[in-house]
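Thank you all for coming; please have the sequence and the coordinates open while I talk. I will go through a handful of positions and then step back to the chain as a whole.

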Number of protein chains: 2
Amino acid sequence: MGEILLLAAGGALGAVSRYGLNNLTVKLLGDSFPYGTLIVNCLGCFVLGFLMQWGFSSDSHNTHLKLMLTAGFLGAFTTFSTFSYETLDCFKNGDYFNGFSNILANVLLGLLMVFIGAYLGSLLKQNSGT
Amino acid sequence: MGEILLLAAGGALGAVSRYGLNNLTVKLLGDSFPYGTLIVNCLGCFVLGFLMQWGFSSDSHNTHLKLMLTAGFLGAFTTFSTFSYETLDCFKNGDYFNGFSNILANVLLGLLMVFIGAYLGSLLKQNSGT
């Protein structure tokens with residue numbers, strides 16, 4: 001039961017943070033391209049990669065924290081459904097350039113961000129653990 | 001304030017549902033391929049497409065419900081960070097086939113599911129609204 005509550009709390013915070021950051025991005029960059037979802041997804045990928053390499057030992061305290069931050073917060077902070085909806089919207093409007101750019105940017109930058117996050121996480125772990 | 005609470009409630013339910021469905025998928029299909037995230041993402045894309053076409057008029061009751069279900073529940077139910085992490089994991093393990101298959105399956109099926117959901121939603125709206 002405690003696990004479910006932590007997961008729910010992480011999910012609630014993740015969704016609210018995504019919504020806030022997305023609104024801020026639209027204010028700053030406009031809505032001609034779905035920058036909000038791209039920024040949220042890249043940021044979430046970076047932090048997930050970092051935390052998975054740096055963050056968690058196997059004791060039970062860490063297991064709960066890991067669940068709350070990864071499956072809870074970051075799972076809810078990033079979103080695949082909005083990414084797909086916004087991409088399809090570009091295609092429906094005949095804006096193929098933005099549609100394909102959105103796919104490439106999310107997939108390639110997402111992978112790159114996980115990679116960089118994981119690399120930095122493992123570097124930090126090596127330096128602090130020895 | 002009410003909006004934020006609805007968003008948080010949707011996010012909490014979405015994260016818990018994703019976790020439950022993902023665990024069930026791993027039990028049923030094993031973990032040789034990240035089927036759990038794929039299924040969750042496709043299902044969320046379908047429902048988002050459906051709801052955006054069928055679901056919401058512009059009165060304030062609907063605006064709140066829309067926020068809770070779309071940005072809250074479905075945004076948190078689907079995930080981009082886990083998708084990217086699992087894809088990178090395939091590549092790191094030298095399993096390029098599963099890595100590229102995971103990208104193609106999530107992106108193409110996600111788009112297809114939004115499209116089918118939206119098509120069914122608009123059909124239902126036409127039939128019930130006239």
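Let me begin with a question: not counting residues up to four places away in sequence, which residues does Thr70(B) touch? What we have here is a predicted model, and in this model the answer is Leu48(B), Met52(B), Phe56(B) and Gly75(B). Thr70(B) sits in helix H3 of chain B, the element that covers residues 60-77. With a relative accessible area of 11%, Thr70(B) falls under the 20% limit and is therefore classed as buried.

Once residues up to four places away in sequence are set aside, Asn102(B) touches Phe33(B), Pro34(B), Phe83(B) and Thr87(B).

Now to chain A, where the secondary structure consists of five helices and zero strands, so that, read from the N terminus, the order of elements is α-α-α-α-α. The C-alpha atoms of chain A occupy a box of roughly 55 × 35 × 25 Å along the principal axes. Of the 130 residues in chain A, 43% are buried. If we take the contacts in chain A between residues at least 6 apart in sequence, 71% of them join residues at least 24 apart.

One position that illustrates such a pairing across the sequence is Gly11(A), which lies in helix H1, residues 2-29 of chain A. Gly11(A) has a relative accessible area of 0% and is accordingly buried. What is Gly11(A) in contact with, leaving aside its neighbours within four places in sequence? The list includes Gly72(A), Phe73(A) and Ala76(A) from chain A, and it also includes Gly11(B), Ala12(B) and Ala15(B) from chain B.

Next, the surface of chain A, whose accessible area comes to about 6,500 Å², with 69% of that belonging to carbon and sulfur atoms. A nonpolar patch on this surface is formed by Leu109(A), Leu112(A), Phe115(A), Ile116(A), Tyr119(A), Leu120(A) and Leu123(A), which together have about 590 Å² of accessible area. One of these residues, Ile116(A), belongs to helix H5 of chain A, residues 96-129, and at a relative accessible area of 31% Ile116(A) is partly exposed.

Helix H5 of chain A also holds Lys125(A), which is partly exposed at 42% relative accessibility. Not counting residues up to four places away in sequence, Lys125(A) touches Gln53(A), Trp54(A) and Phe56(A). How many residues apart along the chain are Lys125(A) and Glu86(A)? They are 39 residues apart, and their C-alpha atoms are separated by 37 Å.

Finally, a word on charge across chain A, which carries 5 positive and 6 negative charges, with the mean positions of the two groups 5 Å apart. That is the end of my tour, and I am glad to go back to any of these positions.

Methods: Residues are numbered from 1 along each chain as its sequence is written. Chains are lettered from A and ligands numbered from 1 in the order in which they are written. This is a predicted model: local features need pLDDT of at least 70, side-chain atom pairs count only at pLDDT 80 or more; totals for chains, interfaces and linings use all residues. Side-chain values use heavy atoms; hydrogens and water are left out. Helices (H or I, at least four residues) and strands (E, at least two) are DSSP runs, numbered from the N terminus. Buried means under 20% relative accessible area, exposed over 50%, partly exposed in between (1.4 Å probe, protein chains only). Contact means heavy atoms within 4.5 Å. Accessible areas come from the Shrake-Rupley method with a 1.4 Å probe; for residues, only the protein chains shown count as cover. Lys and Arg count as positive and Asp and Glu as negative; His and the chain ends are not counted. The place of a charge is taken as NZ of Lys, CZ of Arg, CG of Asp or CD of Glu. Patches are made of residues with over 30% relative accessible area and no salt bridge: like charges are joined within 9 Å, nonpolar side chains (Val, Leu, Ile, Met, Phe, Trp, Tyr) within 5 Å. A salt bridge is a side-chain nitrogen of Lys or Arg within 4 Å of a carboxyl oxygen of Asp or Glu.
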